[in-house]
Amino acid sequence: MNDHPYQWTHKDLLDISQLSREDACHILDVAASFQEINRRPVKKVPTLKGKTVVLFFVENSTRTKTSFDVAGKRLSADTYSLAKSGSSLNKGESLKDTALTLQAMGPDVIVIRHPSSGAARFLADLLPCGIVNGGDGWHAHPTQALLDSFTLRQQWGNDFSGRVVTILGDIAHSRVARSNVQLLTLLGAHVRLCAPRTLLPAGVHNWPAEVYGDPDAAVRDSDAVMCLRLQLERQQAGLLPDLAEYSRRFCLTPARLAGAKPDALVLHPGPMNRGLEIADAVADGPHSRVLDQVSAGVATRMAVLYLLATRNEGASAPQQGE
Ligand code: CP
């Protein structure tokens with residue numbers, strides 16, 4: 001018998017490393033209950049009525065920004081967006097002054113995406129409202145990892161032990177890879193990483209993952225393969241001699257995927273460079289869960305907004321039928 005019912009205690013969601021396995025499973029369980037709402041004809045409940053969510057995106061985004069917006073609106077929160085373009089950041093206003101200005105309007109949660117690692121932590125230390133890291137530099141993208149595990153859970157159930165997940169591509173510049181290695185291992189999966197040597201981060205051999213240089217060996221007998229985008233905009237010159245050569249050696253093609261388990265799942269956080277890191281036939285093929293990831297992103301972000309915005313109200317689980 002459990003004498004201590006679970007209680008969410010975090011003000012912010014900045015990084016998977018702050019979560020216990022119980023925290024992570026709780027987010028995924030709450031997301032599953034919200035996924036049911038997303039299948040209703042009327043996809044709106046009053047759970048966060050009166051709450052305010054600010055989407056503060058200093059870097060481009062399609063999936064993360066839109067899904068946080070949809071998530072907030074489906075829970076009846078008021079959502080407002082501030083992008084770098086059109087804001088006073090472009091007149092030289094500092095991140096601190098911008099954050100204090102947003103706080104003065106009384107938000108319950110701010111979701112921030114920023115090109116600098118540590119920007120979300122900076123806001124969390126500065127402001128009393130909840131902060132969600134929507135991706136900071138190369139550091140972390142915790143809700144991406146959560147939605148990826150939510151997608152895998154829909155196929156595998158809650159137990160990831162014995163599952164092999166291969167992360168293939170530009171690991172060095174990937175906040176998605178960093179957060180996924182932490183979460184997948186927390187949930188019991190075995191992670192393989194595969195990239196050209198120049199796209200592996202310093203210290204990768206200390207990560208809780210097996211490192212491969214040969215993609216065919218890495219993909220062999222995997223239960224899931226997560227392709228990563230080649231982040232051309234973050235690359236210093238000279239890391240890749242030739243994109244055609246990268247594609248030839250590392251692209252996830254049907255032939256390469258054939259080495260994985262017959263029911264292997266293919267994930268990609270998006271946006272995809274089709275033909276570079278993933279072939280069309282794989283991206284659009286029967287193993288692909290890319291669009292399921294997008295749907296999972298709404299449910300997962302509903303859960304995160306709900307947990308942060310109601311943290312001081314003693315709520316432990318949303319009521320069905322709300
Ligand atoms: N996966 C992801 O973060 O996508 P966006 O950059 O479109 O938000």
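Biologist: Helices are DSSP runs of H or I with at least four residues, strands are runs of E with at least two, and both are numbered from the N terminus. In that scheme, where does Pro-269 lie?

Modeller: Pro-269 lies in the loop that runs between β9 and α10 (280-283). The model is a predicted one, in which local features need pLDDT of at least 70 and side-chain atom pairs count only at pLDDT 80 or more, while totals for chains, interfaces and linings use all residues. Residues are numbered from 1 along each chain as its sequence is written, and side-chain values use heavy atoms, with hydrogens and water left out.

Biologist: Is Pro-269 buried or exposed?

Modeller: Pro-269 is buried, because its relative accessible area is 10%. Buried means under 20% relative accessible area, exposed means over 50%, and partly exposed is in between, with a 1.4 Å probe and protein chains only.

Biologist: And what is Pro-269 in contact with, leaving aside neighbours within four places in sequence?

Modeller: With those neighbours set aside, Pro-269 is in contact (heavy atoms within 4.5 Å) with Arg-63, Gln-144, Val-176, Cys-227, Leu-228 and Gln-293.

Biologist: Which residues surround the ligand?

Modeller: Pro-269 is one of them. A residue is listed if one of its heavy atoms lies within 4 Å of the molecule.

Biologist: Let us turn to the sheets. In what order do the strands of the four-stranded sheet stand?

Modeller: The order is β2-β1-β3-β4, in an open sheet with parallel pairing. Two strands pair if DSSP finds at least two bridges between them. The edges are β2 (78-83) and β4; each has a single partner strand, so one side of each lacks a neighbour in the sheet. From one strand to the next, the twist averages 15°.

Biologist: Which helix packs on that sheet, and at what angle to β3?

Modeller: Helix α11 (residues 290-309) packs there, touching β1, β3 and β4, and its direction makes about 130° with that of β3. Axes are lines fitted to C-alpha atoms, for helices over the stretch in contact, and angles run from 0 to 180 degrees between N-to-C directions.

Biologist: What about helix α4: which of its residues are buried?

Modeller: In α4 (residues 119-126) they are Ala-119, Ala-120, Leu-123 and Ala-124. Seen down the axis of α4, they fall within an arc of 140°, so they line one face of the helix. The arc is that of the directions from the helix axis to the C-beta atoms. These residues pack against β1 (52-57), α3 (95-103), β3 (109-114) and β4 (130-136).

Biologist: And in what order do the strands of the five-stranded sheet stand?

Modeller: That open sheet has the order β7-β6-β5-β8-β9, with parallel pairing. Its edge strands are β7 (210-212) and β9 (265-267), each pairing on one side only. The twist averages 20° from one strand to the next. Strand β5 (residues 164-168) pairs with β8 over four bridges, with Val-165 opposite Ala-224 and Leu-168 partnered by Cys-227.

Biologist: Finally, where is Ser-222 found, and is Ser-222 buried or exposed?

Modeller: Ser-222 is found in the loop between α7 (215-219) and β8 (224-227). Ser-222 is buried, with a relative accessible area of 0%. Not counting residues up to four places away in sequence, Ser-222 touches Val-164, Thr-166, Arg-192, Ala-260, Lys-261 and Ala-264.
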